[in-house]
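I opened the notebook to record what I looked up in this structure, working from the overall picture down to single residue pairs.

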Amino acid sequence: MKLVIASDIHGSAYYCGKLMEVVEREKPDKLVLLGDLLYHGPRNDLPREYSPKRVIPMLSAYQDIILAVRGNCEAEVDQMVLPFPCMADAEQLLVDNRLFYFTHGHHESPEYLSKLPEGSVFLSGHTHIKMDEVRNGIRCLNPGSVSIPKDGSHSCMVYDNGEFSVVLLEDTHGM
C-alpha cells in the first residue's frame, strides 16, 4: 500500500496545491491527513495564500482515498464543508502487516505508545517539525507541516514498499 501523509495545511491554498502535485505524481492508495486542514489557528500567522475556500475543493477531489483525523484547529463547521470524515481523534490501518496509528498529536501522551504492539507505526503532526525515531519498539514519525513549518521546510511524507521518505514542498521562486 502506498500512502501520502500530510499534516498542518492550515488553509494555505498555495501549499495545498504543492501537496496535490505530490498526490498526482505518487498516486497513493490513501492520502492521510493528520489534522489542521482549513484554519490557521490563533497562534499562527496567516500562511501563504490563506484561503480555506480554495483548499476545500482541492481536498474534496480526493475524498475517496482520504483518511483524516481531527487537529486542534478543526471545528464542527469544517466537517460541514468537507465531504470526508475529519473529526476522529485517531484512525488505524493495517499496512504491510503492521499497525499504523494516525493522530494529530495534541492529545496523545508518551505513555500512549506503550498501548501499541511492538513494531507499530505512530504518525502524528501538530509540532510542525519532522521526526523519525523509534521509541520502545514503535516507529514514531511526523511529516512536518505543509504550510507553517517550524523546522524550515514545507513537507509531507510518502510510504511506499515498506519505506518512508520526506518530500519537500519548497517554493523555488521565492515568496
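**Basis.** I am working with a predicted model, in which local features need pLDDT of at least 70 and side-chain atom pairs count only at pLDDT 80 or more, while totals for chains, interfaces and linings use all residues. I number residues from 1 along each chain as its sequence is written, and side-chain values use heavy atoms, with hydrogens and water left out.

**Whole chain.** I looked up the secondary structure and found three helices and ten strands, where helices (H or I, at least four residues) and strands (E, at least two) are DSSP runs numbered from the N terminus. Along the sequence they follow the pattern β-α-β-α-β-α-β-β-β-β-β-β-β.

For overall size, I noted that the C-alpha trace spans about 40 × 35 × 30 Å along its principal axes.

I then checked burial: 53% of the 175 residues are buried, meaning under 20% relative accessible area with a 1.4 Å probe and protein chains only.

**The five-stranded sheet.** I traced an open sheet with the order E3-E2-E1-E9-E10 and mixed pairing, counting two strands as paired if DSSP finds at least two bridges between them. Strands E3 (66-68) and E10 (163-168) stand at the edges with a single partner strand each, so one side of each has no neighbour in the sheet. The twist averages 20 degrees from one strand to the next, with axes as lines fitted to C-alpha atoms (for helices over the stretch in contact) and angles from 0 to 180 degrees between N-to-C directions.

**Strand E9.** On one side, E9 pairs with E1 in the antiparallel sense over three bridges, and valine 4 has valine 158 in E9 as its bridge partner. E9 (residues 155-160) also runs antiparallel to E10, joined by six bridges; here serine 155 is partnered by leucine 168, and cysteine 156 stands opposite valine 167. In the hairpin of E9 and E10, with two residues between the strands, asparagine 161 takes a positive phi near 50 degrees. Five of the six residues of E9 are buried, so this strand is largely enclosed by the rest of the structure.

**Helix H1.** Last, I looked at helix H1 (residues 13-26), which lies across E1 (3-6), E2 (30-33), E9 and E10 and runs at about 170 degrees to E1.

How values were computed
Contact = heavy atoms within 4.5 Å. Buried < 20%, exposed > 50% of the residue type's maximum accessible area, 1.4 Å probe, protein only.
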